[in-house]
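Biologist: I have not looked at this one before. Can you put it up and walk me through it?

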Amino acid sequence: MSLIHFSISPTTSVRSSPSFFPSSPLHSFVPSSVAKDSFSISSSSKLFNSSSRSRFSLYFKDDVKRSGWVFTVRSSLDTVGPTATVGQVTEVTKDTFWPIVNSAGEKIVVLDMYTQWCGPCKVIAPKFKDLSEKYLDVVFLKLDCNQDNKPLAKELGIRVVPTFKILKDSKIVKEVTGAKFDDLVAAIEAVRSS
């Protein structure tokens, strides 16, 4: 349970203002029940990612000044499993890869399979990050093919590093081997247009 501050206007909208959210999105709500000193708000919002669901409960206290419509809200945020952030590259492991891919839904997922000792991997990494900032409709992931993640690397059929796997609907649809930036961009564009 986290504590979040909201500003509530008489037009039945809620603006969140916690310091740990990147922005203050506006959430419409309908009071689901009204009691003497409290009511609950149910909201389906996109605070973290497209699959997040939030439930808010607002409690009025006698000592709270209601004239400004500013209250403290207790929030239970149901964000299940690991998530990826759009506009950046998210590091995954054998345990987080498939949950993130599955939660991506219809979005295209591009996975950079690399190792710490690989020179070409280090050269293409900044360019891969730039792609994540350019294609905001694509999820960009990277997997260190170390001993811990060896089972996933084997499952995905890696033969050389770097290898880029492009997935759509949780299925591998394209692969680019080696640090071939132009081939990677062409593969992403081909899957996006299909």
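**The sheet and its helices**

Modeller: Strands β9 and β10 pair in the parallel sense, over 7 bridges. Two strands count as paired if DSSP finds at least two bridges between them. Helices (H or I, at least four residues) and strands (E, at least two) are DSSP runs, numbered from the N terminus. This is a predicted model: local features need pLDDT of at least 70 and side-chain atom pairs count only at pLDDT 80 or more, while totals for chains, interfaces and linings use all residues. Residues are numbered from 1 along each chain as its sequence is written, and side-chain values use heavy atoms, with hydrogens and water left out.

Biologist: What is the strand order of the open sheet?

Modeller: The order is β8-β10-β9-β11-β12, so to speak a list of 5 strands, with mixed pairing. The edge strands, each pairing on one side only, are β8 (89-92) and β12 (171-177).

Biologist: How do β9 and β11 pair?

Modeller: In the antiparallel sense, over 5 bridges, with β9 covering residues 108-114 and β11 residues 163-168. Valine 110 stands opposite isoleucine 166 in β11, and aspartate 112 stands opposite phenylalanine 164.

Biologist: Which strands does α2 touch?

Modeller: Helix α2 (residues 119-134) packs on the sheet and touches β8, β9, β10 (138-144) and β11. Contact means heavy atoms within 4.5 Å. The direction of α2 makes about 155° with that of β10. Such angles run from 0 to 180 degrees between N-to-C directions, with axes being lines fitted to C-alpha atoms, for helices over the stretch in contact.

Biologist: Where does α2 bend?

Modeller: At alanine 125, by about 35°, and proline 126 follows within four residues. The bend is the angle between axes fitted to the seven residues ending there and the seven starting there.

Biologist: Which residues of α2 are buried?

Modeller: Cys121, Ile124, Phe128, Leu131 and Ser132. Buried means under 20% relative accessible area (1.4 Å probe, protein chains only), exposed is over 50%, and partly exposed lies in between. What covers these residues includes β8, β9, β10, β11 and α4.

Biologist: Back to β9. How many of its residues are buried?

Modeller: 7 of the 7, so β9 is largely enclosed by the rest of the structure. Ile108, Val110, Asp112 and Tyr114 lie on one side, with Val109, Leu111 and Met113 on the other.

Biologist: Different topic. Where is asparagine 149?

Modeller: In the loop between β10 and α3 (150-155). Asparagine 149 counts as buried because its relative accessibility is 6%. Leaving out residues up to four places away in sequence, asparagine 149 touches Val92, Thr93, Lys94, Leu143 and Asp144.

Biologist: And how many helices and strands does the protein have?

Modeller: The secondary structure comes to 4 helices and 12 strands. Of the 194 residues in the protein, 36% are buried.
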